[in-house]
Structures are given as C-alpha cells and as structure tokens.
Amino acid sequence: MNGNSCRASKRTNKVTSTILKSFRTVSIPLTMNLSYWEYKTWLSNIDFTVVGSGIVGLNCALQLKKKHPKAKIVVLEKGLMPQGASTKNAGFACFGSISEILSDLKTHSQEEVLKLVQNRWDGINTLREILGDSILDLQLHGGHELFLNADKALYEKCISELDIANELLYPVFGSDAFKLSQNSFKFKGIEQNYISHGFEGQIDTGKMMQGLLKKVQSEGITILNGVTVKSFQDNPDVVAIETNAFSFSSKKLCIAVNGFSSDLIREKVKPARAQVIITKPIKNLAIKGTFHVQEGYYYFRNIDNRILLGGGRNLDFESEETIEFGTTKLVQNKLADLLKEVILSDTPFEIDYAWSGVMGVGKQKKPIVKLLSNNVACGVRLGGMGIAIGTSVGRQLAVTFE
Ligand SMILES: Cc1cc2nc3c(=O)[nH]c(=O)nc-3n(C[C@H](O)[C@H](O)[C@H](O)COP(=O)(O)OP(=O)(O)OC[C@H]3O[C@@H](n4cnc5c(N)ncnc54)[C@H](O)[C@@H]3O)c2cc1C
C-alpha cells in the first residue's frame, strides 16, 4: 500500500457518502476515515450506547450487561480518562452531615430526607458488594462536622436539634447517627465539639474508578475514549448519534453526563465546579477521618499522610457555575488559609496539587433518572453525593426502558 491511499480513501468516502445519502440508507461513519473492519467491529449493531464513563455510566453499562448478556454495549467518553467528577472527587462515603440534613429539611419533607439518606446508605453498601472493600480501599474512620467560631449560631442549632436528626435517621442506621465528640485533632478556631457520624467512611477514588473500568471491560463492554457526543436523534426504532469523530446508530441511548447535561439535554441540571488541593505527605500526620465545615461547603480528609481539602464554591457561585476546569485565586487562597489557620495550624505543610471537577446540581437533591423519549434515557444531577448514589442511579438508568 502506498502513501496516496489515505488521500484516495478520503475521495472514496465522499463519493460513498453521496451515494448513500441518495439511497437514504443508514449513515456510515465517515469523518474519521473508519475502515470496514473498524465500523463492523465497534460501531455496528449496537444495542445500548452509554454516554459518560463516570460512576453512573459504568454502573449503567454493568447493569445493562447483567440484564442483557448478549447485548452489544458501548460506552463513549469524551476524556482520555473519565473527566467529570468521578475521578476528581474527595472520596467521602458520606450520608449528609448534621447541618446538611437540617438544611435539607427546609426544602424537602421528612420522608424525602429519610429516603435520600436511605438511598445513600444502600448505595454505599451496593458499591461495596460490587467492588469489595479492599479495591475501594474503604477506611471506616468516621466523619465529623466542625463549626468555625464564626458559625456559633449554626453549632448551637445543630446541637439543639441533634435528637431530632437522630430520631429521623434511626430507621436507616438502627442507632444514633450523630454524636458529640471532643476536638481530638486540635483544630484551631472551632467550637468545642465536633458532631460526628460514626458510619461515615472514605475510599480511594482512583481505585474505585479503576476497579469499575476493569469490571466493565472484563464484561466485554467497549469503552471508547476521546469521543464527544454532539447530538442525537431518536428515530422510531433507532437513535442516530453524532460525535466529534463519527456518526452511528444504536437501539438505545443512556445519557450519564451529569454536570455536562446542558450540552446534550434539556433537564434542569446546573454545572457546579468544585476545587480541591492536596498537601505533600506530612510526617506523623495524626488526623484521620472525613471532615465537613460550613454545611459541607468545605471538606477535608487524610489520604496517604496528606490532607486533601476541597470546597469554596460558595465564595463565588456564579463563577463556579461552569463546565470549564480550572482554579481561581479566590478559592485557592481560602483553601490555603483554612489549612494554615484551622486544620494544620501547628504543622508545616506544602501544597502538592490543585485541581477541579464538575458536579451537576439543582434545587432538588433528588437525581433525575428518566426516559426522555422512546429510546433515550438519562441519569443525572447527582450533586455532591455521587459515591453514595452513583451505583443505584446507574442501575436505575439501565432499567428505564423496561
Ligand atoms: C471536587 C469534587 C469532590 C467531590 N467529593 C465527593 C465526595 O467526597 N463524595 C461523594 O459522594 N461525591 C463527591 N463528589 C460528587 C461525585 O463525584 C459526583 O456526584 C459523581 O462523580 C457523579 O458521577 P457521574 O457519573 O454522574 O458524573 P461524572 O463523573 O461527571 O461523569 C460524566 C462523564 O461524562 C463525560 N461526558 C460529558 N459530556 C460528554 C459527551 N457529550 N460525550 C461523551 N462524554 C461526555 C465526562 O467526561 C465524564 O467523564 C465530588 C465532586 C467533585 C467535583
């Protein structure tokens, strides 16, 4: 084969395209100059296409395979790796700190809040069953909410309503979820006690995603990276899908793009960027557990003798309502100040990395899992709880067509 074949095939493709259009036949992927083999092997006779390889998309693909063992399933992911929130998060296996629960009770009924927490608890347990605690690197050190001195009023409200929250959540945990504990890690500038949640844990986010990816691949599901779905058209018995690289058809389409939803669908999901920093390893770091500050707008944990700290979206909601990755001085300075003044006030530290991820949020905390048309469904709006609910949202998405 000589070097002219590439140019020649471009010409051939153009001609083929014209002929195909005139016969109104199925569209063949032309943009990437795909071969017959590539098209036949990867992009024809597809039963289910999943958009997004985050925790929801991967769980959806696994559940589809379980329900339809013979189905041909493909997952399309725009990033070289999953590129939304699932590989960027803080790895809290959490159910809502006390101030979050009390705040949710202002906008949701008691039954709704109970159901949200039950779903988180069930979701974590399902994730543990699917991957196992050692792959997740699950550590059950408990979680704690700290109250800055400036938030004394919130602290007092939470203490006064501790029994109400415990009573509400008793059916989920079978014992009191929240209790007061001493400031054993000697954080500075905070009220005397933490309100701790004994059932909260932490995972290694990277290991979770690697475990899920391996599982999906071992089930014979194809994942194509670097493919952005641009648009789709639900025709009576097939969905025509247009990507940055090729067009093809699939019997069903499952959309799991969370914070990036507004690019593809009309559901009410706002992007919410969240910024994170991590320190270099710190000798003899005693801090262990997951910590929430200011109604969950800040959160930190230990990992590999480092402190990972995220949050600060509340400093400038408008600028953080974006799908652009990046960090801002305003948020990064605030995170560094929190480390210096509250978390590691007596310990020298250096910041090693900073990054951001994009969540999908809305007025209601309930995720949106629904059929959008005969052959297209979505599972989106996971807020800041995707580790807990991502598995069940993915599983529900997989059965929306039934
Ligand atoms: C900084 C941060 C910290 C967090 N901390 C926690 C925590 O500690 N505990 C917790 O439970 N939750 C946490 N979350 C939330 C949690 O990570 C998310 O709720 C969860 O990961 C959402 O999963 P998902 O699969 O719905 O979305 P994503 O993980 O965002 O996956 C969507 C995927 O779709 C891809 N995609 C988007 N558009 C297209 C397209 N057009 N074509 C192809 N692919 C596309 C994206 O690249 C992405 O990989 C945090 C989130 C962030 C950002």
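## Around the ligand

Welcome to this structure: α3 (55-67), β2 (73-77), β12 (270-279), β16 (351-361) and α12 each supply at least two residues of the shell around the ligand. These labels follow DSSP runs numbered from the N terminus, with helices being H or I runs of at least four residues and strands being E runs of at least two. The model is predicted, so local features need pLDDT of at least 70 and side-chain atom pairs count only at pLDDT 80 or more, while totals for chains, interfaces and linings use all residues. Residues are numbered from 1 along each chain as its sequence is written, and side-chain values use heavy atoms, leaving out hydrogens and water.

How many residues lie around the ligand, and which come nearest? There are 40, and the nearest are Glu77, Gln83, Ser86, Phe92 and Ile387; a residue is near a molecule or strand if one of its heavy atoms lies within 4 Å of it. By class, the shell holds 23 nonpolar, 14 polar and three charged residues. Here Ala, Val, Leu, Ile, Met, Phe, Trp, Tyr, Cys and Pro count as nonpolar, Asp, Glu, Lys and Arg as charged, and the others, Gly among them, as polar. Domain 1 (36-81 + 207-262 + 366-398) and domain 2 (92-205 + 269-361) each give at least three residues to this shell, with domain bounds taken from an automatic or database domain assignment.

## Polar atoms and cover

The side chain of Asn89 has an N or O atom 3.1 Å from an oxygen atom of the ligand. At Ala90, a backbone N or O atom lies 3.1 Å from a nitrogen atom of the ligand. At Gly383, a polar backbone atom is 3.0 Å from an oxygen atom of the ligand. Taken alone, the ligand exposes 1,000 Å², of which the protein buries 98%; accessible areas come from the Shrake-Rupley method with a 1.4 Å probe, and for residues only the protein chains shown count as cover.

## Helix α12

Let us return to α12. This helix covers residues 386-398, and its 13 residues should span 18 Å at 1.5 Å a residue, which agrees with the 17 Å between its end C-alpha atoms. The expected span is 1.5 Å times one less than the number of residues.

Is α12 mostly covered or mostly open? Ten of its 13 residues are buried, where buried means under 20% relative accessible area, exposed over 50%, and partly exposed in between (1.4 Å probe, protein chains only). Among the buried ones are Gly386, Ile387, Val393 and Leu397.

His144 sits in strand β4 (residues 143-146) and is buried, because its relative accessible area is 12%. Its side chain makes a polar contact of 2.7 Å with that of Ser196. A polar contact is a pair of N or O atoms within 3.5 Å; within protein, one must be able to donate a hydrogen and the other to accept it, and residues adjacent in sequence count only if both atoms are side-chain atoms.

Most residues other than glycine have a negative phi. Asn45, in the loop between α2 (36-42) and β1 (46-51), has a positive phi of about 55 degrees although it is not a glycine. Asn45 counts as exposed, because its relative accessibility is 66%. Glu295 lies in the loop between β13 and β14 (298-303), and its phi is also positive, near 50 degrees.
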